[in-house]
Amino acid sequence: MRRMNLTSFVDFDAIKPALSAANKRALFQQLAQVAAQRLSLDAAKVASAVADREKLGSTGFGNGVAIPHGKIEGLRRVYCLVARLTEPLDYKALDGSPVDLVFFLLSPEDAGAEHLKALAAVSRVVRHAPTLEKMRGAKSRDALAAVLLGVDEPHAA
């Protein structure tokens with residue numbers, strides 16, 4: 001099974017380096033709005049798919065990272081939006097820590113293996129403390145993109 005790289009599914013042009021959200025619901029709505037616009041989807045359906053998945057258990061991964069995800073009818077490929085929050089959010093993460101880095105991952109309804117490969121690619125990144133530190137220090141979209149692009153290099157992580 002070939003590893004999936006972030007470059008194959010992260011929307012680098014839509015990275016949000018300073019997103020502000022009052023709570024998890026507002027966060028999902030904002031990111032769903034951006035994703036829906038970029039993908040010509042219905043924002044309410046995107047937000048609802050991610051919120052439904054969240055009801056099964058928190059997607060707060062730990063170390064201040066969340067990977068909210070959902071499967072979307074009509075989506076043709078795996079898609080991910082990355083956001084750095086201006087204020088950490090109480091996310092009910094597994095380790096109890098507030099979240100400030102979000103990987104908003106969307107997959108086609110039938111993308112079983114591809115969805116899991118994308119989740120694995122993101123989790124490889126978020127388990128790497130130096131990468132998280134660089135992401136938190138990146139103040140612009142380009143700087144955040146550079147950190148994420150560097151992760152896909154063979155010598156990184």
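User: Is serine 40 buried or exposed?
Analyst: This is a predicted model. Serine 40 sits in the loop between α1 and α2. Exposed means over 50% relative accessible area. Serine 40 has a relative accessible area of 69%, so it is exposed.

User: What is the phi of serine 40?
Analyst: Serine 40 belongs to the loop between α1 and α2. Its phi is positive, in a residue other than glycine. The value is near 55°.

User: What is the phi of lysine 92, and is lysine 92 buried or exposed?
Analyst: Lysine 92 lies in the loop between β5 and β6. It is not a glycine, yet its phi is positive, at about 60°. With 57% relative accessibility, lysine 92 counts as exposed.

User: How do the axes of α1 and α2 lie to each other: parallel, antiparallel, perpendicular or oblique?
Analyst: The axes of α1 (residues 24-39) and α2 (residues 43-55) come within 8 Å. They cross at roughly 135°. An angle over 145 degrees would be needed for roughly antiparallel, and 65 to 115 for roughly perpendicular. The two helices are therefore oblique.

User: Is the crossing of α1 and α2 left-handed or right-handed?
Analyst: The axes of these helices cross at roughly 135°. The sense of the crossing of α1 and α2 is right-handed.

User: Which residues of α2 meet α1, and what is the make-up of the contact by class?
Analyst: From α1 come Lys24, Phe28, Gln29, Ala32, Gln33 and Ala36. Their partners in α2 are Ala43, Val46, Ala47, Val50, Ala51 and Glu54. By class, the contact of α1 with α2 has 8 nonpolar, 2 polar and 2 charged residues.

User: What distance separates the end C-alpha atoms of α1?
Analyst: α1 has 16 residues. At 1.5 Å a residue, the helix should span 22 Å. The end C-alpha atoms agree with that, being apart by 22 Å.

User: Which elements do the buried residues of α1 pack against?
Analyst: The buried residues of α1 include Leu27, Phe28, Leu31, Val34 and Leu39. Lys24 is also buried. The elements packed against them are β1, α2, β5 (79-89) and β6.

User: How do α4 and α5 run relative to each other: parallel or antiparallel?
Analyst: The axes of α4 (residues 129-137) and α5 (residues 141-151) come within 8 Å and cross at roughly 160°. That makes α4, relative to α5, roughly antiparallel.

User: Which residues make the contact of α4 with α5, and how many are nonpolar?
Analyst: α4 passes α5 in a right-handed crossing. α4 contributes Thr131, Lys134 and Met135, and α5 contributes Leu144, Val147, Leu148 and Val151. The contact has 1 polar and 1 charged residue, and the nonpolar count is 5.

User: What span should α3 have?
Analyst: α3 covers residues 112-126, which is 15 residues. Its end C-alpha atoms are 21 Å apart. At 1.5 Å a residue, the helix should span 21 Å, in agreement.

User: What covers the buried residues of α3?
Analyst: The buried residues of α3 are His115, Lys117, Ala118, Leu119, Ala121, Val122, Ser123, Val125 and Val126. The cover includes β2 (60-62), β3 (65-66), β4 (69-72), β6 (99-108), α4 and α5.

User: Which residues does valine 122 touch, beyond those up to four places away in sequence?
Analyst: Valine 122 is in helix α3. It is buried, with a relative accessible area of 0%. Its C-alpha atom is 8.8 Å from that of asparagine 5, 117 residues apart along the chain. Not counting residues up to four places away, valine 122 touches Leu6, Phe9, Ile67 and Phe103.

User: Is cysteine 80 buried or exposed?
Analyst: Cysteine 80 has its place in strand β5. Not counting residues up to four places away in sequence, it touches Phe9, Val10, Asp11, Phe103, Phe104 and Leu105. The cut-off for buried is under 20% relative accessible area. At 0% relative accessibility, cysteine 80 counts as buried.

User: How far apart in space are alanine 18 and leucine 85, C-alpha to C-alpha?
Analyst: Alanine 18 lies in strand β1 (residues 16-19). It touches Arg84 and Thr86, not counting residues up to four places away in sequence. Alanine 18 and leucine 85 are 67 residues apart in sequence. C-alpha to C-alpha, the distance is 5.4 Å.

Definitions and conventions
Residues numbered from 1 in each chain as written. Predicted model: local features only at pLDDT ≥ 70, side-chain atom pairs only at ≥ 80, totals over all residues. Heavy atoms only, no water. Axes fitted to C-alpha atoms, helices over the stretch in contact; angles between N-to-C directions. Helix = DSSP H or I, 4+ residues; strand = E, 2+ residues; numbered from the N terminus. Parallel < 35°, antiparallel > 145°, perpendicular 65-115°, else oblique. Left-handed = near helix turned anticlockwise from the far one by under 90°. Contact = heavy atoms within 4.5 Å. Nonpolar A, V, L, I, M, F, W, Y, C, P; charged D, E, K, R; others polar. Expected span 1.5 Å × (residues − 1). Buried < 20%, exposed > 50% of the residue type's maximum accessible area, 1.4 Å probe, protein only.
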